[in-house]
Amino acid sequence: MEFVRLGTTGLQVSRICMGTMQFGWSIDESDSLKVLNAAFEAGINIFDTADVYSNWVPGNPGGVAETILGKWMKNYHIPRDRVVIATKVRGKMGEGANDQGLGRVHIFQAVEASLARLKTDFIDLYQAHSPDENTPIEETIQAFDDLVRDGKVRFVGASNYNASQLIEALLKSDENKKVRFETLQPKYNLLQREEFEAELKQVCLKMGLAVLPYSPLRGGFLTGKYRVGKPLPKSTRAESGARYLTDPNITVLDKLDEMSKSHNSTVAQIALAWLLADPVVASPIIGATSVVQLNENLGCLAVHLTTQEINILNDLTNWKTVNAM
Ligand SMILES: NC(=O)c1ccc[n+]([C@@H]2O[C@H](COP(=O)([O-])OP(=O)(O)OC[C@H]3O[C@@H](n4cnc5c(N)ncnc54)[C@H](OP(=O)(O)O)[C@@H]3O)[C@@H](O)[C@H]2O)c1
């Protein structure tokens, strides 16, 4: 496994981060534990989760992915200092007015609930899942600062922030001498580049934030398993996967097919290798639903694209010239 410094935190994290959003609904607990064990055995040391996972699924109350991760660490005696646990706060966890958001009261409740589910006494990276327009950013930063001082959280990060929201947060941290967001978790993959590349990328580079891209395979589409005329794969995400079969995306898949043949690799590995080739990317967060998928995706670490290949992929998916996908 290769490791990379997580921004300015000093933490060394694996170049692939294990996502957990699929646990407890796309795959059951037993298979989730198999994926976690295989990921750890392969050298992955950073695991991303969120308190809300996956409360959008009927019958899933949220907290399920954190609970599975906590059980795994406890039941398999995973040394706490061998894993970097990243979770998130912001989503709706109950019906009360303070059961969501980035206000002080909710953050303090949410962190205790996450710690209990994760069966740990600290969180390595506590991330704001998305901005909260109803709470002044100073209040959120103060609450995060208090959690770091209390030892409940080591570092904080942001997800789904736009550039001006991120800059505002970083400036407030600096002005008030409080903890600052050390990481950004944006949606970023070969087919969804504009949101990150237009402005956020420069902010992260300039401010030394580590980037942890989520949905690196666009929910499975960038594995090449969705094809015109082929039956849909068995997946909780099959419907959206089928919708991405547009002409520009098919052209990208054709190119990925060609490159995967010349690298003796797979489409997914090329798509992940494209992300890893960008120095701004610390560790893409993958979301495998089986050990087979996990192992395939880990194979991307052995794929090194040439500058020419990267340029070809960049041109094909250039958001300034290619229609939105
Ligand atoms: N911050 C945020 O707002 C946010 C949002 C979303 C995700 N995340 C984080 O990012 C992680 C990854 O996101 P994601 O699940 O959207 O990532 P993704 O890599 O784009 O999609 C993962 C899905 O693709 C399919 N897949 C993956 N590898 C495959 C392979 N080799 N062959 C065939 N199918 C494969 C699997 O679904 P099927 O087997 O069902 O097809 C898997 O669940 C999440 O677990 C979560 O930790 C964060």
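This is a predicted model: local features need pLDDT of at least 70, side-chain atom pairs count only at pLDDT 80 or more; totals for chains, interfaces and linings use all residues.
Local features need pLDDT of at least 70 and side-chain atom pairs count only at pLDDT 80 or more, while totals for chains, interfaces and linings use all residues. Residues are numbered from 1 along each chain as its sequence is written.

Eight strands form an open sheet with parallel pairing. Their order is β9-β8-β7-β6-β5-β4-β3-β10. Helices (H or I, at least four residues) and strands (E, at least two) are DSSP runs, numbered from the N terminus. Two strands pair if DSSP finds at least two bridges between them. The edges are β9 (210–211) and β10 (285–286), each of which pairs on one side only.

Strand β5 (residues 84–89) is mostly covered, with six of its six residues buried. A residue is buried if 20 or more other C-beta atoms lie within 10 Å of its own, exposed if 12 or fewer, and partly exposed in between; C-beta atoms are placed from the backbone. In a regular strand the side chains alternate between the two faces of the sheet. Both faces of β5 are covered. Val84, Ala86 and Lys88 are buried on one side, and Ile85, Thr87 and Val89 on the other.

On one flank, β5 pairs with β4 (residues 46–48) in the parallel sense over three bridges. Aspartate 48 has alanine 86 of β5 as its bridge partner. Strand β4, helix α2 (residues 64–75) and β5 make a right-handed β-α-β unit. Right-handed means that, with the strands pointing away from the viewer, the path from the first strand over the helix to the second runs clockwise. The pairing of β5 with β6 is also parallel, over four bridges. Here threonine 87 has tyrosine 126 of β6 as its bridge partner. The chain passes from β5 through helix α3 (residues 104–118) to β6 in a right-handed β-α-β crossover.

Leucine 69 lies in α2. This residue counts as buried because it has 28 C-beta neighbours inside 10 Å. Beyond its neighbours within four places in sequence, leucine 69 is in contact (C-beta atoms, placed from the backbone, within 7 Å) with Thr20, Phe47, Thr49 and Leu118. Leucine 69 and phenylalanine 47 are 22 residues apart in sequence. Their C-alpha atoms are 8.6 Å apart in space.

Strand β8 (residues 181–185) pairs with β9 in the parallel sense over two bridges. Leucine 184 has valine 211 of β9 as its bridge partner. Helix α4 (residues 137–150) packs on the sheet and touches β6 (123–128) and β7 (153–159). The direction of α4 makes about 150° with that of β7. Helix α5 (residues 163–176) also packs on the sheet, touching β7 and β8. Its direction makes about 165° with that of β8. Axes are lines fitted to C-alpha atoms, for helices over the stretch in contact, and angles run from 0 to 180 degrees between N-to-C directions.

Five of the five residues of β8 are buried. Strands β7 and β8 pair in the parallel sense over four bridges. Valine 156 has phenylalanine 181 of β8 as its bridge partner. The chain crosses from β7 through α5 to β8, and this β-α-β crossover is right-handed. From β8 the chain crosses through helix α6 (residues 194–207) to β9, again in a right-handed β-α-β crossover.

Helix α9 (residues 267–276) is largely enclosed by the rest of the structure, because 10 of its 10 residues are buried. Among them are Val267, Ile270, Trp274 and Leu276. The buried residues of α9 pack against α8 (247–262), α10 and α11 (307–316).

The ligand is surrounded by 31 residues. A residue is near a molecule or strand if its C-beta atom, placed from the backbone, lies within 6 Å of it. The closest are Gly19, Met21, Gly220, Ser235 and Gly287. The shell divides into nine nonpolar, 17 polar and five charged residues. Ala, Val, Leu, Ile, Met, Phe, Trp, Tyr, Cys and Pro count as nonpolar, Asp, Glu, Lys and Arg as charged, and the others, Gly among them, as polar. Strand β10 and helix α10 (291–298) each supply at least two residues of the shell. The largest share, three residues, comes from α10.

Definitions and conventions: Two residues are in contact if their C-beta atoms, placed from the backbone, lie within 7 Å.
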